Structures are given as structure tokens and as C-alpha cells.
Amino acid sequence: MGIVFIVFVLFLLVAYFFLSRTASPVPYFPSNQRDMERIVDYLELRNHHTIIDMGAGDGAVIFAAADWAQQKKLTLHLIAAEINPILLAVLYLRHLLHPYRAHISIMYADMFHYPFSKVVYTKTVTAFYYISPWLLKKAYSHIKHELPHAHIVSYFYPLPNKKPTKHTEGVHQLFAYFS
Ligand SMILES: C[S@@+](CC[C@H](N)C(=O)[O-])C[C@H]1O[C@@H](n2cnc3c(N)ncnc32)[C@H](O)[C@@H]1O
């Protein structure tokens, strides 16, 4: 009986973190693996550059970038910002096991409020978004306030009223806005 109750409470907690609009205003969907090569290409990984995945989920993008950086012997700073504690646990675990972990920061951060300027030390930075289209404007205002020179890469949805620097079709669309 005790175990059933604990499992039920755990189930409610997981459901809350994944389904509640308060706990996670953007639902969790990982970027499609078949688009990952294009995403990594759009991030334009190079030495002394920072990439922030705004709502990193299970780390699909940040660890694909880490694999690439390690393979190419690049020195990058990769930041996974996430608000869901269960996904944060997954991120910390993957971080612990990844050979490039010294260059990866996992952060409990609300992408709409976190002071990102305090954690970015490189001259250039790219913010990656895969979030609901109606939240992109708010996310864009915050990142431009924090990091005015940030490049933006947006998966699936374009930024409202902004002309992309480049754009491709894949399983889903990908848009880059370089400053
Ligand atoms: C569509 S998923 C994208 C996951 C990952 N970026 C990828 O491309 O595979 C959106 C993620 O944003 C997270 N999220 C939602 N609201 C957030 C917030 N305010 N701050 C940080 N992360 C948030 C969700 O928990 C979810 O993992």
C-alpha cells in the first residue's frame, strides 16, 4: 500500500512538471534527431564561442554540439538552461558522463528572466530556441536586453517580424538571425 502511494505521488509530480503551464510554460519535445546535423551547422561552432540552449530538455542539442566540439577539438562554452527539475536531473547525469563536461554548464534557469550576461564570458554567443511561437517575442526581448550581440537560432518557428539571415527546411524548419 505504501509503495503504491509513493508511486502515485511520484506520478503526480512527473505529470505536474511536464503538463502544468506554471511549471513548464513550454512543453517538452526534443529536437528531431534527423535535423540535428543542420542544427549543429546553424550554431556555427567555433573556438571561444558560447551556445545557450534556452530550455535544453534532455540535452539533445547541447550534447550533439558537445560531441561535435570534442571531435573537432574546439574550445566552446555550452550552456543548458532548463526549468523542469526532472529534465535537469537527466542533464546533470548526461553531463557527468560526457567527456566534454568541463565545457558544459547545466543551469536551473528561467529563460525569460535569468541574467545570462552574468554567465557569458565570450565575445560571441548564440541562443538556441525551440519554444512555442507566441513566446518567442518575449524570449527575444529578454536575450537582446541581456546579450545585445547574441545570434539567434530558432527551430520550428520563426521570430515574429524579423527577417532571418538564413533558413532551411528539414523535418522542421530552422531559422538563423545573426547580429
Ligand atoms: C520544445 S522543448 C526543447 C528541448 C531542447 N531545446 C531540444 O531542442 O531538444 C522546450 C523545453 O523548454 C523547457 N522550458 C519551458 N519553460 C522554460 C523556462 N521558462 N525556462 C527554461 N526552460 C523552459 C521545457 O521544460 C522543455 O524542456
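1. A residue counts as buried if 20 or more other C-beta atoms lie within 10 Å of its own. This cut-off is applied here to a predicted model. In strand β5, residues 151-155, five of the five residues are buried, and the strand is described as mostly covered.

2. The side chains of β5 point two ways. His151, Val153 and Tyr155 point one way, while Ile152 and Ser154 point the other way. In a regular strand the side chains alternate between the two faces of the sheet. Residues pointing either way from β5 are buried.

3. Which strands are joined to β5 by bridges? One is β4, residues 124-129, which runs parallel to β5 and is joined to it by four bridges. Another is β7, residues 174-177, which runs antiparallel to β5 and is also joined to it by four bridges.

4. His151 stands opposite Thr126. Val153 stands opposite Ala176 in β7.

5. Together with helix α5, residues 136-146, the two strands make a right-handed β-α-β unit.

6. Val125 is found in strand β4. Is Val125 buried or exposed? Val125 counts as buried because it has 22 C-beta neighbours inside 10 Å, and the cut-off is 20 or more. Leaving aside neighbours within four places in sequence, Val125 is in contact with Thr50, Ile52, Val120, Leu147 and Ala150. From Val125 to Pro158 there are 33 residues in sequence and 19 Å in space, C-alpha to C-alpha.

7. The largest nonpolar core has 42 residues. Ile52, Met54, Ile62, Ala127, Phe128 and Tyr129 touch the most other members. Helix α3 gives the most to this core, with seven residues. In soluble globular proteins, nonpolar side chains tend to be buried together.

8. Ile52 deserves a separate look. Not counting residues up to four places away in sequence, Ile52 touches Ile79, Ala81, Phe116, Val125, Ala127 and Phe128.

9. The last point concerns the ligand. Which residues come nearest to the ligand? Of the 24 residues around the ligand, these are Val26, Ser31, Gly55, Gly57 and Met111. The elements that give two or more residues to this shell are α3, residues 60-71, and β2, residues 77-82. The shell divides into 16 nonpolar, five polar and three charged residues.

Terms used
Residues numbered from 1 in each chain as written. Predicted model: local features only at pLDDT ≥ 70, side-chain atom pairs only at ≥ 80, totals over all residues. Near = placed C-beta within 6 Å. Nonpolar A, V, L, I, M, F, W, Y, C, P; charged D, E, K, R; others polar. Buried ≥ 20, exposed ≤ 12 C-beta atoms within 10 Å, placed from the backbone. Pairing = 2+ DSSP bridges. Right-handed = clockwise from strand over helix to strand, strands pointing away. Core = buried A, V, L, I, M, F, W, Y, C linked by C-beta atoms within 7 Å. Contact = placed C-beta atoms within 7 Å.
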